[in-house]
Amino acid sequence: MPARNAPMTWPRRALGVAALLACGLAAAGPGADYVALPGGRFESVLPQGNVPSATVPVDIAPFALRKTPVTAGEFLAFVQANPQWQRERVPAVFADKRYLIDWRSGTQLADPGASSRPVTNVSWFAAKAYCDSEGARLPTWLEWEYAAAADEARRDARADPQWRRRILSWYERPNAALLPDVGGAPNAYGVRDLHGTVWEWVDDFNALFIAGDSRTQGDPDTLKFCGAGAINIVDRDSYAVLMRIALLSSLGAADTTSNLGFRCARPLEGTPP
Amino acid sequence: MNIHVIAKALQRSALLVGLAAAMAAPPLAGAAGKAGPGDFGPPRGAPIRAVLTSPPHVPPPVARNYPAKVIVELEVVEKEMQISEGVNYTFWTFGGTVPGSFIRVRQGDTVEFHLKNHPGSKMPHNIDLHGVTGPGGGAASSFTAPGHESQFTFKALNEGIYVYHCATAPVGMHVANGMYGLILVEPPNGLPKVDHEYYVMQGDFYTTGKYREKGNQPFDMEKAIDERPTYVLFNGAEGALTGDKALKAKVNETVRLFIGNGGPNLVSSFHVIGAIFDEVRFEGGTNVQTNVQTTLIPAGGAAIAKFRTRVPGSYVMVDHSIFRAFNKGALAIMKVDGNEDKAIYSGKELDAVYLGDRAGPNLNAVTKATASSASGTLSLQDQIHAGEALFAGTCSVCHQANGAGLPGVFPPLAKSDYLNADPKRAMDVVLRGLTGKLKVNGADYDSVMPPMNQLNDDEVANILTYVLNSWGNVGGQISTEDVKKHRATAAPVAAAAH
């Protein structure tokens, strides 16, 4: 049953697409396990309309998302197949000096147990190249936020204060010495580890305009530019999401950090890429 | 690629603009150069690495008469520390402490600021220094991802004491986790010399658990938004400035406190119990207020308070919104050692029973008896009236107002065979107490009467004269002289002898 993780309420057409897609993905290689997400109307914490203080629901097209973040083991296979992404060879414009800094060498992980932990210390360029190699791309912020709004039972658990607190409690803890292996509990879509493990790159991280504390609300300098509608966060209680956006907005595409990994996404067949 | 770079640049500049007008101090009248107030021209000499100190310590005075280039390197570290005994909290720090490292420069200095975000950090951070003239106070220029470093440069145009803090979204949370500190911009000629300088900074903290609930306590977003702190603390932890860590000084020394308030929410009513600030540069500004009891320190503000220690002892610093001091931790202590100066403060001179309303109406009689005794005209009636008033306050609780005592517990004084057998012995009982088995009017007693040391000779004489002349007792008179004699010689009464 290829669509085993798909909720029973899917529209018939999406189910069919998911089934087709899952068959096609079976050949994509070990670990490249994707799950199809149905499209839907979604209210982002970032305003999507013309009014900076109010959000307008947007339509998310159906897409497929990796069930787990890319692991160090998977990334090792990638740099072995694509030596130009080994840390000794990667051009400085594509990855900073901390790129894969925790590895023993360009082709050796920190320790044998690291292979099923999420890969971190990767730049946006490297993450994008990895997803290319899997016939995929990085998810957009909206796709990521849409998938991550779900808890184990609900597709949108964001209004639940307890769920918010649970997410927030990870965000405020210092980095653990060792990251946990991928494969936490699946959310309502069957996607794992969206919270509580690592930050994740998104394709359009550079377009995240954020001033969460409203210190720059209505600043005329900012409003001159494109994307000016997005300078504000609508739901000011979403500290957890806010912190993720703040982290992403602090980065350049060559930057890496010890807690930042990624996962890949794919368009479903029959939808624009 | 290009679009990304442009977008990023726009975003960074957009991030934290517009606050400077509200937060950075307006230019004060300072030493004016051609380039404007506080600008003494380009930096001279070799660049100087700033000395940073952890609280409660303050770097030494700048002691320099020219503007220099000063390099400040500050590292952001996210770490778990104790917020109270047995209670851990994840603090985000400038330099590993709460408040962050103290920075000291001279007005007119060019400060090259390096903000380093530790590779182990989970969060991006930045710094907004209220001593900076420019958008965001440096925040947009210092936005730094984990494992990275930012650099920006500013000229310290305005002298004074300024708060710095992190301004990364969500700002309130970064501040609530301890991301604030002080930067002192010394006037060109420095500050007057004092014996001690200390660094104290208040902050409010929000944990999901209650005050002093043990274990790891996470940040509570709702409490923070509602402005209901679990802790209000000086220097980031309960006990940070008490016990062995109390601030220290000797008598007749001058102490300068740099007091900041990081907030994020509360305003501080800063007060040192038992001291008066000789001078306060309130709000960190140039004006000096003198003879201040309590100074208001706004969130995101600071003050410089100076006072001279005169009397030894422990001086408790509090936020005088006083429940914060005793129920949320806002307590610090300055321990002053040295010789007493009784002319300024005596210590306790009297520890006496206060009769209150109970004897109030009749205390006139006591006053009259004291006066009569002094003038040698004390009559038996004076003594009885005074004794009645004093008896009501001191003795009637046990022996009862009618002298009947309580059967089996407190012996009677009315028609007391024990009393009337030897009235003089009653003086020894009052002065030395009486303990153990005793038979009075045929009933057995075995209890304790403590010595009534607090009564003076006059009072004992009057009480006993009143007792002897009441309730069918033998009568007679006990004089102050009698009591004085007995006080000098009497031994404890042995109950068993009777």
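Colleague: Thanks! What does the accessible surface of chain A come to, and what share belongs to carbon and sulfur atoms?

Modeller: About 11,400 Å², with 56% belonging to carbon and sulfur atoms. Those areas come from the Shrake-Rupley method with a 1.4 Å probe, and for residues only the protein chains shown count as cover. This is a predicted model, where local features need pLDDT of at least 70 and side-chain atom pairs count only at pLDDT 80 or more, while totals for chains, interfaces and linings use all residues. Residues are numbered from 1 along each chain as its sequence is written, chains are lettered from A and ligands numbered from 1 in the order in which they are written, and side-chain values use heavy atoms, leaving out hydrogens and water.

Colleague: How many helices and strands does chain A have?

Modeller: Seven helices and seven strands. Helices (H or I, at least four residues) and strands (E, at least two) are DSSP runs, numbered from the N terminus. Along the sequence the pattern reads α-β-β-β-β-α-α-α-α-β-α-α-β-β.

Colleague: And what percentage of its residues count as buried?

Modeller: 55% of the 273 residues of chain A. Buried means under 20% relative accessible area, exposed over 50%, and partly exposed in between (1.4 Å probe, protein chains only).

Colleague: Where is A:Ser44, then?

Modeller: A:Ser44 sits in the loop between strand 2 (40–42) and strand 3 (58–60) of chain A. A:Ser44 is buried too, at 3% relative accessible area.

Colleague: Switching to chain B: what is the strand order in the open sheet of six strands?

Modeller: 14-12-16-21-18-19, with mixed pairing. Two strands pair if DSSP finds at least two bridges between them. Strand 14 (231–234) and strand 19 (289–292) of chain B each have a single partner strand, so one side of each lacks a neighbour in the sheet.

Colleague: How do strand 12 and strand 14 of chain B run?

Modeller: Antiparallel, joined by four bridges. B:Gln202 stands opposite B:Phe234 in strand 14 of chain B.

Colleague: Last one: which residues lie nearest the centre of the largest pocket?

Modeller: B:His399, B:Leu413, B:Val429, B:Val430 and B:Met449, out of 34 lining residues. A pocket here is an open set of points on a 1 Å grid over the protein atoms alone, where a 1.4 Å probe fits, with protein on both sides within 12 Å along at least five of seven lines; lining residues have an atom within 4 Å of a point.
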